[in-house]
Amino acid sequence: MPTLLVLNGPNLNMLGLRQPEVYGRETLADVETLCRGTGAELELSIEFQQTNHEGQMIDWIHQARGRVAGIVINPGAWTHTSVAIHDALIAAEVPVIEVHISNVHRREAFRHHSYVSLVATAVLAGFGTHGYALAIRHFAHLQRTAQGDLP
């Protein structure tokens with residue numbers, strides 16, 4: 001069963017509490033349940049992590065190389081600031097799907113640039129926490145296409 005690593009960056013541990021008008025009322029535990037359920041439905045093993053420490057995120061990305069089939073990442077504020085995460089994602093050599101709960105393009109101008117998008121296979125923004133399930137479904141689609149199961 002392929003493994004998909006779902007990574008969450010800074011402040012995502014505060015989901016449901018921090019700015020619910022922007023991020024909704026679901027908690028990170030709710031997101032993890034959604035991801036694991038979607039993965040099980042699609043026969044994908046889900047590893048789910050969150051950190052507020054950039055070095056930890058980079059270590060997890062490095063450890064993904066040769067071990068997981070892909071990465072779904074909500075890098076939070078590191079989206080707009082971290083060349084180090086950008087470089088780590090390149091080094092992982094797996095498909096990367098970037099997820100944002102809010103539509104970052106309808107927000108402050110500094111949120112419009114993403115270092116992660118430069119290496120991402122796909123980007124989802126503004127779908128709420130449902131974007132995680134969409135990302136996992138898209139990854140499964142990519143896997144089936146690569147295996148020749150889809151035209």
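This is a predicted model: local features need pLDDT of at least 70, side-chain atom pairs count only at pLDDT 80 or more; totals for chains, interfaces and linings use all residues.
Biologist: Which residues does UniProt mark as "active site"?

Modeller: The unreviewed UniProt entry places that feature at Tyr23 and His100. They are spread over 78 residues of sequence, yet they cluster in space, with a largest C-alpha distance of 9.4 Å.

Biologist: Why is Tyr23 called buried?

Modeller: Tyr23 has a relative accessible area of 10%. Buried means under 20%, so Tyr23 is buried. Tyr23 lies in helix H1, residues 20-23.

Biologist: What makes His100 count as buried?

Modeller: The relative accessibility of His100 is 7%, and the limit for buried is under 20%. Therefore His100 counts as buried. His100 lies in strand E4, which covers residues 96-100. Beyond four places in sequence, His100 touches Asn74, Pro75, Thr79, Leu124, Ala125, Gly126 and Phe127.

Biologist: How do you know that the side chains of His100 and Glu98 make a polar contact?

Modeller: The distance is 2.6 Å. A polar contact needs a pair of N or O atoms within 3.5 Å, one able to donate a hydrogen and the other to accept it. The pair therefore counts as a polar contact.

Biologist: What does Glu98 have to do with Ser117?

Modeller: The side chains of Ser117 and Glu98 are joined by a polar contact of 2.5 Å. Ser117 is found in the loop between E4 and strand E5 (122-125). Apart from neighbours within four places in sequence, Ser117 is in contact with Glu98 and Val123.

Biologist: Why is Ser117 described as partly exposed?

Modeller: Ser117 has a relative accessible area of 30%. Buried is under 20% and exposed is over 50%, with partly exposed in between, so Ser117 is partly exposed.

Biologist: Which residues carry the "binding site" annotation?

Modeller: In the unreviewed UniProt entry, that annotation covers Asn74, His80, Asp87, Ile101, Ser102 and Arg111. Asn74 lies in strand E3, residues 70-74, and His80 lies in the loop between E3 and helix H4 (83-92).

Biologist: What makes Asn74 and His80 buried or exposed?

Modeller: Asn74 has a relative accessible area of 3%, and His80 has 14%. The cut-off for buried is under 20%, so Asn74 is buried and His80 is buried. Among the contacts of Asn74 outside four places in sequence are His100 and Ile101. His100 is part of the "active site" annotation, and Ile101 is part of the "binding site" annotation.

Biologist: Where is Ser82, and why is Ser82 called buried?

Modeller: Ser82 is found in the loop between E3 and H4. The relative accessible area of Ser82 is 1%; buried means under 20%, so Ser82 is buried. Its side chain has a polar contact of 2.4 Å with the side chain of Glu54.

Biologist: What makes H3 roughly parallel to H4?

Modeller: Helix H3 (residues 54-64) and H4 pack at an angle of about 10 degrees, and their axes are 9 Å apart. Angles under 35 degrees count as roughly parallel, so H3 is roughly parallel to H4. The residues of the contact divide into eight nonpolar, one polar and one charged.

Biologist: Which residues of H3 and H4 meet?

Modeller: Glu54, Met57, Ile58, Ile61 and His62 in H3 meet Ala84, Ile85, Ala88, Leu89 and Ala92 in H4. Glu54 counts as charged, because Glu belongs to that class along with Asp, Lys and Arg.

Methods:
Residues are numbered from 1 along each chain as its sequence is written. Side-chain values use heavy atoms; hydrogens and water are left out. UniProt positions are given in the numbering used here, feature names are shortened, and annotations may be inferred rather than shown by experiment. Helices (H or I, at least four residues) and strands (E, at least two) are DSSP runs, numbered from the N terminus. Buried means under 20% relative accessible area, exposed over 50%, partly exposed in between (1.4 Å probe, protein chains only). Contact means heavy atoms within 4.5 Å. Axes are lines fitted to C-alpha atoms, for helices over the stretch in contact, and angles run from 0 to 180 degrees between N-to-C directions. Angles under 35 degrees count as roughly parallel, over 145 as roughly antiparallel, 65 to 115 as roughly perpendicular and the rest as oblique.
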